[in-house]
Amino acid sequence: MNNWKKGRKILLCVTGGIAAYKIPSLVRIITKNNCETEIIMTRSAQSFVSKLTLETLSGRKVWTDDSFDSSIPHIKLSEWAEVIAVAPCTADTLAKISHGIADNLLTSTIIASSCPVVIFPAMNSKMYNNPATLANIETLKARGVKVVDPSSGLLACGDSGKGRMPEPDQIFHELLRSLCVHDMAGKNVLVTAGPTHEYIDPVRYISNPSTGKMGASMARSAWYRGANVKVIAGPVDIDSYGLDVTHVTTAGEMLDSVLKNISWADYIVKAAAVGDYRAKEISPLKLKREGKDTLTLELVQNADISAEAGRMKREGQMLIGFAAESDNISENARGKLARKNLDCILANDVSGFASDTNTIRMIRREGNEEIFTGLKDDIAFDIWSRLIAR
């Protein structure tokens, strides 16, 4: 399995803003994902987070204006990096970069670089909304620099407004997106994820152990590759950064949401573990156990969302189904592929529920079968590579 994140080279440039306190967490995320990182700090940045802290977490020397060796650091670092992140980026550094000023190691490295640059402004909302700052941002965007909008909320100075740097995991998402070829740019991807809950009474329901991780991985990988992504998620937590997430509870609600968005999608990924049955009647009151040795439930079938999507599929639209099986995995999956008019089905053993890893059989309408084993994020990325190539 291809771990596409491993060994990617991220140059992290830290300037002197209070949001620099988030940078140690970002460095942890980068190293945890087996990426390489070099770090440049301005003099003022070292007042907010220590150089030693970042050297310890990254396992590498941190570069400053006082760093010297036999190389020319700003050229060496600019040639090494696959992507450069400026986080946090103060108004001062933003202005320098937009005007081509190279008066320190950080700005000199950026002006010497040819790789993608992603800037994360972080400052007081009045400073951010100043016409000079907004003009500098537009100048950078016109040159192809990615400037990520800060979020709104309570600022360090006590004001409330736009100017907060994104959280470390969100910054990492943006860096991975910049590292990817956008071979899905302009494509619309609809993903269902997670279980459904079919209620018996106000407090009990029928469900399954799905966590939505595989669906979330399919959605996130498509977003990294430039797609517009909508996720219809059952009652599970989905990291919604960059994604349009709608939460539903029941199979009926999921069906309604899929049908509402089906004409929009170029790719439909049915990764949700939708309940096949629901209670024929839902008790308005909690069912009591007293005086009952057994309880009989009458269940009725839910609509088959994949089959309905297959019936409505338009020309040029690709429908990808999932099949969690306990036995005869390939045989059962091939039957579903044919019955539901799918273009491709991704089949796995039910033991893949609630795990970060999986083994998936990718079976296409043409009949060929391919097996993927590894982390769900890596499997999803490789699956999209096969689907795009098709």
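1. Valine 236 sits in the loop between β12 (228-233) and β13 (244-247). Strands here are DSSP runs of E of at least two residues, and helices are runs of H or I of at least four, numbered from the N terminus. The model is a predicted one, in which local features need pLDDT of at least 70 and side-chain atom pairs count only at pLDDT 80 or more, while totals for chains, interfaces and linings use all residues. Residues are numbered from 1 along each chain as its sequence is written, and side-chain values use heavy atoms, with hydrogens and water left out.

2. With a relative accessible area of 14%, valine 236 is buried (under 20%; exposed is over 50%, partly exposed in between; 1.4 Å probe, protein chains only).

3. Valine 236 and alanine 19 are separated by 217 residues in sequence and by 30 Å in space, C-alpha to C-alpha.

4. The chain has 13 helices and 20 strands. Its C-alpha trace spans about 75 × 50 × 40 Å along the principal axes. Of the 390 residues in the chain, 51% are buried. Among contacts with a separation of 6 or more, 68% come from residues 24 or more positions apart.

5. The chain carries 47 positive and 45 negative side chains, where Lys and Arg count as positive, Asp and Glu as negative, and His and the chain ends are not counted. The centres of the two sets lie 1 Å apart, each charge being placed at NZ of Lys, CZ of Arg, CG of Asp or CD of Glu.

Terms used: Contact = heavy atoms within 4.5 Å.
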